[in-house]
Amino acid sequence: MSEFIQPGAVLQNQFKSDTALVNLIQKIIPSTYGYVFDGENFGDNFSETQQAKGKKSIEQKQKLNYYVFDFMPYEMWINENCPLTQTQRTNIIRQAIDNLDKNSKIKNANGRLLNNEQEANIFLDSIKNID
């Protein structure tokens with residue numbers, strides 16, 4: 001789920017959040033038109049996630065966290081031209097989220113960056129036998 005956020009605006013998601021993320025990123029990579037964030041909403045467990053996503057209740061949805069794994073300034077996204085690599089964007093978003101209040105509903109997705117198919121195959125092989 002991608003979210004478009006203007007500088008100084010509140011994350012337009014199912015829950016209230018602070019503008020601190022946009023303000024932090026604005027200092028690193030200024031954007032005139034805002035940012036596009038890519039992430040997913042999850043609860044603390046599978047059941048909570050399913051219940052919140054299946055209901056129209058705003059209160060249920062506000063319990064979810066938004067796990068961000070990528071972002072891009074809007075003008076770069078709309079022009080399909082971003083000079084920042086995935087690694088650079090991931091490092092920026094992780095640093096910014098780490099500086100948010102610990103009670104923020106915006107969280108790091110903490111994914112693994114794989115640079116090519118060989119790294120992906122090695123990673124998949126390493127997790128095949130995990131019990």
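**Exercises on a predicted model**

Glu80 is exposed, with a relative accessible area of 76% (exposed is over 50%, buried under 20% and partly exposed in between, with a 1.4 Å probe and protein chains only). This is a predicted model, in which local features need pLDDT of at least 70 and side-chain atom pairs count only at pLDDT 80 or more, while totals for chains, interfaces and linings use all residues. Residues are numbered from 1 along each chain as its sequence is written, and side-chain values use heavy atoms, without hydrogens and water.

**Exercise 1.** Locate Glu80 and describe its backbone.

Solution. Step 1: Glu80 sits in the loop between α4 (74-78) and α5 (86-98); helices (H or I, at least four residues) and strands (E, at least two) are DSSP runs, numbered from the N terminus. Step 2: the phi of Glu80 is positive, about 50 degrees, although the residue is not a glycine. Step 3: most residues other than glycine have a negative phi.

**Exercise 2.** Check the length of α5 and find which of its residues are buried.

Solution. Step 1: α5 has 13 residues, so at 1.5 Å a residue it should span 18 Å (the expected span is 1.5 Å times one less than the number of residues). Step 2: the end C-alpha atoms of α5 are 18 Å apart, in agreement. Step 3: Arg89, Thr90, Ile92, Ile93, Ala96 and Ile97 are buried in α5. Step 4: down the helix axis these buried residues fall within an arc of 165 degrees, so they line one face of α5; the arc is taken from the directions from the axis to the C-beta atoms. Step 5: the buried residues of α5 pack against α1, β2, β3 and β4 (106-108).

**Exercise 3.** Describe the largest nonpolar core.

Solution. Step 1: a nonpolar core is a set of buried Ala, Val, Leu, Ile, Met, Phe, Trp, Tyr and Cys residues joined through side-chain atoms within 4.5 Å. Step 2: among the 18 residues of the largest one, Leu21, Ile25, Phe37, Val68, Phe71, Ile93 and Ile97 touch the most other members. Step 3: at least two core residues come from each of α1 (20-28), β2 (35-42), β3 (65-73) and α5. Step 4: leaving out residues up to four places away in sequence, Leu21 touches Phe37, Ile93, Ala96, Ile97, Leu100 and Ile106 (a contact means heavy atoms within 4.5 Å).

**Exercise 4.** Find where confidence is lowest and highest.

Solution. Step 1: pLDDT is the predictor's confidence in each residue, from 0 to 100. Step 2: its mean for the protein is 78. Step 3: confidence is lowest in β1 (residues 2-5), at a mean of 50, and highest in α4, at 90.
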